[in-house]
Amino acid sequence: MKIYLDNNATTKVDERVVEAMKPYFSKLYGNPNSLHQFGRETHPGIKKAIDQVYSAINANDNDDIIFTSCATESNNWIIKSVWLDLIKNGNKNHIITTEVEHPSVLSTYKFLESQGVKVTYLPVNREGFVTAEAVKNAITEETVLISIMLANNETGVIFPIKEITEIAHEKGILVHTDAVQAVGKIPVDVQDLGVDFLSMSAHKFHGPKGIGALFIKENIKISPLFHGGSQMGGLRSGTLNVPYIVGMGEAIELAVKSLPKLNSEIRKLRDKLEDELLKISDTFVVGKRENRTPNTILISVRGVEGEGMLWDLDRRFGIAAATGSACASEDLEANPVLEAIGAEEDLAHTAIRLSLSRFTTADEVDYTIEKFKESVERLRAISSSYAKV
Ligand code: 7TS
């Protein structure tokens, strides 16, 4: 058995996406900026992809959507631009974010702090949630940007971005949201959310790795990321990565079309998995179920080291899960969300993240339920810490 329940880390590329990309490697390989037919024949594919992305997030024609290499790039770019464009040349110097952002956001803010920027990292409550009220209370005269993710990668908890944007805009503050874990899992409508900047990444919704995008609302000017041949409206120069742009377009359209399946069938499978795992004693799941993306479970299993459990699930049963973000998993630190919600110290290493996708089957879930229980029993039996509880 080989079961993949780590879809918040990355997803398998949909075969239809692979097919859409194929011609753009060795058939339609021209540089889109070339005037000859080889260049021109790439244009319909690029245009289609741009339309697919705009339509998936309901952007309007005057908004900018710039293709990047990943969400890490989108996040770094927008945060550093705000610093460059608004903080360095202005008199405002304060940004609000949360303690549970992805490292590509948190590390960029740490860098900004080293440059003298004031950053407020809002804590989350026991449910892994940040209220709009908490954001409101953190605003000062100096606040220039609020940057909060739309859905958390560890827990799937959805943050009240629309409400936060309304509060921010009343005070002339810009809003950035990292929507990497939301696009393709819940409807994402930039006009409804009202955000000024939004980051996304194709490999989280069955597109290829190495391509993402940054949405920039109309009439907002930011500094270019790369100076050069003026591609992407001069904001990110460099020859367009045509096959991957085409792949991202196809993937996002398919992801949006699959939302009903994800929110009915897959949600039901996730709920069943969660209900069954919660029958194991001394476990809890972070976040209210109705306020989470339909594919994610972050469960704490007392007395069981997450890393050990992961090893057991993988090597004995072929089930791929995570202890948290793969980006941070090599350093064996405590799960950042369990720390952020203030879980007891002996629980800090007990988190297991299971994340489903539209390709997850009922049989896989049943098998996982059985093997997860078996694994917990075995690991608890040999755990000195659990015996004492
Ligand atoms: N933002 C969020 C919320 C993420 O979950 C990730 C990846 C990124 C940004 C970075 O995206 P990339 O396009 O640069 O790869 N998150 C995870 C995760 O949760 N486990 O592995 C990677």
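# Briefing: ligand site, cores and selected side chains

Around the ligand there are 20 residues, of which Thr72, Asp178, Gln181, Ser201 and Lys204 come nearest. The model is predicted. Its largest nonpolar core has 94 residues, and a search of the whole structure finds four aromatic pairs.

**Ligand contacts**

- Thr72 has a side-chain N or O atom 2.5 Å from an oxygen atom of the ligand.
- In Gln181, a polar side-chain atom is 2.7 Å from an oxygen atom of the ligand.
- His203 also places a polar side-chain atom by a ligand oxygen, at 2.9 Å.

- Asn152 belongs to the loop between β5 and α8, and it is buried because its relative accessibility of 2% is under 20%.
- The side chain of Asn152 has a polar atom 2.8 Å from the backbone nitrogen of Glu154.
- A polar atom of the Asn152 side chain also lies 3.0 Å from the backbone nitrogen of Thr155.
- Beyond its neighbours within four places in sequence, Asn152 contacts Val100, Val157, Phe159, Gln181 and Val337; Gln181 is among the residues that come nearest to the ligand.

**Nonpolar cores**

- In soluble globular proteins, nonpolar side chains tend to be buried together.
- Within the core of 94 residues, Phe197 and Met200 have the most contacts.
- Helix α10 (residues 242–257) supplies the largest share of this core, eight residues.
- Another core, of 27 residues, lies apart from it and includes Ile266, Ile352, Val376 and Leu379.
- Not counting residues up to four places away in sequence, Phe197 touches Ile78, Val82, Leu145, Leu174, Val175, His176, Thr177, Leu214, Phe215, Ile216, Ile220 and Ile222.

**Aromatic pairs**

- A pair of aromatic rings is described by the distance of the centres and the angle of the planes.
- Of the four pairs found, one joins Tyr29 and Phe38, with ring centres 5.8 Å apart; the planes are at 40°, so this pair is tilted.
- Phe38 has a relative accessibility of 35% and therefore counts as partly exposed.
- Phe129 and Phe159 form another tilted pair, with 6.3 Å from centre to centre and 45° between the planes.
- This pair links distant parts of the chain, 30 residues apart: Phe129 is in the loop between β4 (118–122) and α7 (132–138), and Phe159 is in the loop between β5 (143–147) and α8 (161–170).
- Phe129 is partly exposed because its relative accessible area is 22%, whereas Phe159, at 3% relative accessibility, counts as buried.
- Phe159 is also one of the residues in contact with Asn152.

**Charges over rings**

- Lys80 has its charged end over the ring of Phe111, at 5.6 Å from the ring centre.
- Arg380 is positioned over the face of Tyr386, 4.1 Å from the centre of the ring.

- Most residues other than glycine have a negative phi.
- Asn219 is not a glycine, yet its phi is positive, at about 70°.
- Asn219 sits in the loop between β8 (212–216) and α10, and is exposed because its relative accessible area of 70% is over 50%.
- Asp282, also not a glycine, has a positive phi of about 55°.
- The position of Asp282 is in the loop between α11 (259–278) and β9 (283–285), and at 40% relative accessibility Asp282 counts as partly exposed.

Methods
Residues are numbered from 1 along each chain as its sequence is written. This is a predicted model: local features need pLDDT of at least 70, side-chain atom pairs count only at pLDDT 80 or more; totals for chains, interfaces and linings use all residues. Side-chain values use heavy atoms; hydrogens and water are left out. A nonpolar core is a set of buried Ala, Val, Leu, Ile, Met, Phe, Trp, Tyr and Cys residues joined through side-chain atoms within 4.5 Å. Buried means under 20% relative accessible area, exposed over 50%, partly exposed in between (1.4 Å probe, protein chains only). Helices (H or I, at least four residues) and strands (E, at least two) are DSSP runs, numbered from the N terminus. Contact means heavy atoms within 4.5 Å. Rings of Phe, Tyr and Trp (its six-membered ring) pair if their centres lie within 6.5 Å; planes under 30 degrees apart count as stacked, over 60 as edge-to-face and the rest as tilted. A charge sits over a ring if NZ of Lys or CZ of Arg is within 6 Å of the ring centre and within 35 degrees of the ring normal. A residue is near a molecule or strand if one of its heavy atoms lies within 4 Å of it. A polar contact is a pair of N or O atoms within 3.5 Å; within protein, one must be able to donate a hydrogen and the other to accept it, and residues adjacent in sequence count only if both atoms are side-chain atoms.
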